[in-house]
Structures are given as structure tokens and as C-alpha cells.
Amino acid sequence: MAEATANGLGQDALHAAHEAPATRITYTEVHQEHPIKLYLVVWAWLFILSTCSYLVDYFGLHGYLRWSLILIFMILKAGLIVAVFMHMAWERLALAYAIILPPILVLVFVTMMVFEADYTLFTRMAFFGAGP
Amino acid sequence: MAQTLTHIGQTEPRPAGWRGIAADWSSDQRAFKNVSWGKAMMWIFLLSDTFIFGCFLLSYMTARISTRVPWPNPSEVFALRIGGSDIPLILIAIMTFVLISSSGTMAMAVNFGYRRDRRKTAILMLLTAALGATFVGMQAFEWTKLITEGVRPWGNPWGAAQFGSCFFMITGFHGTHVTIGVIFLIIVARKVWRGDYDVGRRGFFTSRTGRYENVEIMGLYWHFVDLVWVFIFAFFYLW
């Protein structure tokens, strides 16, 4: 019931004692209800973006064009899923930042491992020579 | 939309933007004001799962950069011979569309759940589960094909040995997530069908009263599985 009361059970009980059920409109919890059309539009976009990223491979694009297109389509798809399907666009920023910021910080780890892997490759080349 | 309870029956709008973040986190109550504990916990679980998949993709990146041996071309490895010609990556593309479709049906199931349309919610959830099972089936087919072609965690006929271990680890873990999701989808769909969330029947395990929000929480997990696939598709299959 009154999920978002200030301190949970105690207040809820107090609440029930003092007020008639009809006036207990203290839902602060938000139910995510949006028109079906919105989901269908996002669904269609996800299909289009997936097709585009598949076509990148089908036409055999190479190099930076390939990588940037893959990343752009990936980020757009991920954004649509998180924002609309998972309703993050309508949540308060306190939740959105708590959930979305930490994974972005993984990019620091990625950077470290790029350097580390380059170093490993360098030592392998130095000791074993170029690949077979 | 966002309100908090101050006194009995009184609500007060909460600030938005950065001020709202500071106010919510420093309010000495609960940081996620209009989100139930169940939804908040699912989000935090998904965050931790993000790190798990993040580490898998990271180690895959590290292995792929640091090997001297050329990486097998996924476009050719995952090609399928249909009608006499090799179509690159076609099975993976179909799997992607199947999973995206299941995400769409799940989103609509959540919507119908809040409208208290038991029938449509349950049918859409079962459809989602069926699409998820199809995905796992296609993945099993893909694994079988690769194993018969000689891909092992320690080697493969085309190039860098790490290809097999990365492939089995990443897609295997994702497939496990899909399988668990299918099982829970069926469980929740049964509860919806039976009307558990209309009467607030208690769960057999947690003995908490069920609400239609459970469908949305289930949906969060399912969309996450789709989300992870977006990243796997981009980094493992297309890169």
C-alpha cells in the first residue's frame, strides 16, 4: 500500500488509524503506464536499427566506418531499451544516475585494459615474433 | 509525479534536476522516492549483472587485442548456407530479431498488467517466454554447429585459440540468463492468469502479497537480457 511513506510500517499503521480509506491517496510510487503506441514505435525502431547494424556486416564495411556505425547503432538501441522499455526516462534522476553512472565508469577499466593488452602483445611480439 | 509523504495524507512535490538528486540522497529516508523496494532491488541486481557481463566483454577485448594469432572472422564463422550460398551472420540476425520481439511483447504485457487485463497480460508473457525459448533453441543449434566444426574452449580451426573460450563463456552465460528468464516468465504468467495479483495472494516462497508491479519487475529483468544481447551482438559478432 503506502509504499513511499517516510519511514515504512510505523507511519502506515498510524495512517490507517487516523484516516478513512477513501482519503488515503498517498501513493507516491509511480506506476509506469504509457500508450501502447509508444512501445510499438520503439519496437519498430529497434528492428530498423538491428537491420542497419546487420547490414554493416552484410556489406562488409571496414575500419573506422564499421566500428563507429556499430557503436552508434548499439548505443541507440541500448538507449531506447533502457529509456522506454525499462521506463528509466520517467524515473527520478536519483535512481537514473545511481544505475547508469557506474556502468559508464567501466570505461576507465576498458582504457586500462587496452594499455595492458597492447603491452602484452608487445612483449609477445618481442619474445615470440609475429604470429604464425 | 514525484511526491513524498510528509505528514499523514499530505504530499509535497519533490525538487527536480540536480537539486532533486541531492535532496533525495540526503533526505535521511529512502533515496529512491517513488520506486518500491522490489523495483529498486531489481535495478541494483541488474547493475551488478552489468558488471559481470562488462567483465566478460572486457576480458574478451583483452584477449583479442593481445593475441598474435589472427582472430577468426565472425562473419564467416557464423555464416549459414541457405539455398546454395553463404549468408553471413544470418542466424545471429534472426536471434536478435527474436529477442527484440520478445522485449516488445514483454513491454506490452507490463502495460496490460497495469490495466488489470489478466488475459492479455498472461498471453503476452507466455508469448515472450516462447520467443525466449526459441532464442535458446537457436543458440543450442549454433553451439552444436560450432562444436561439430571443431571449436573448443582451447582452440579452433580458424585462428586465435581464445575465440572458443570467449564465445562459450559469453554466449553461455547470456543463454543461462535467458533460460532463467523463461522459467520466471512462466511462473509469473501463471500467477497473473490465476488472478494472484488481483486478490493480493501471498507468494509460496516469500509470502509477500503479489501486485501487478511484479510484472514490471519481471519485465526489467527481461529487457536487461535483451540489452546485454545488444552489446554481445555489437562487440562479439559484428566487431
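Visitor: Is B:Leu89 buried or exposed?

Guide: B:Leu89 counts as buried, because it has 22 C-beta neighbours inside 10 Å. The cut-offs: buried means 20 or more other C-beta atoms within 10 Å, exposed means 12 or fewer, and partly exposed is in between, with C-beta atoms placed from the backbone. This is a predicted model: local features need pLDDT of at least 70, side-chain atom pairs count only at pLDDT 80 or more, and totals for chains, interfaces and linings use all residues. Residues are numbered from 1 along each chain as its sequence is written, while chains are lettered from A and ligands numbered from 1 in the order written.

Visitor: What is the phi of B:Leu89?

Guide: Most residues other than glycine have a negative phi. B:Leu89 has a positive one, about 60 degrees. B:Leu89 sits in the loop between strand 4 (85-87) and helix 4 (90-114) of chain B. Helices (H or I, at least four residues) and strands (E, at least two) are DSSP runs, numbered from the N terminus.

Visitor: Where does B:Arg116 lie?

Guide: In the loop between helix 4 and helix 5 (118-148) of chain B. B:Arg116 also has a positive phi of about 60 degrees. B:Arg116 is exposed, because 12 other C-beta atoms lie within 10 Å.

Visitor: Which loop holds B:Ser26?

Guide: The loop between helix 1 (17-25) and helix 2 (37-66) of chain B. B:Ser26 is exposed, with 9 other C-beta atoms within 10 Å.
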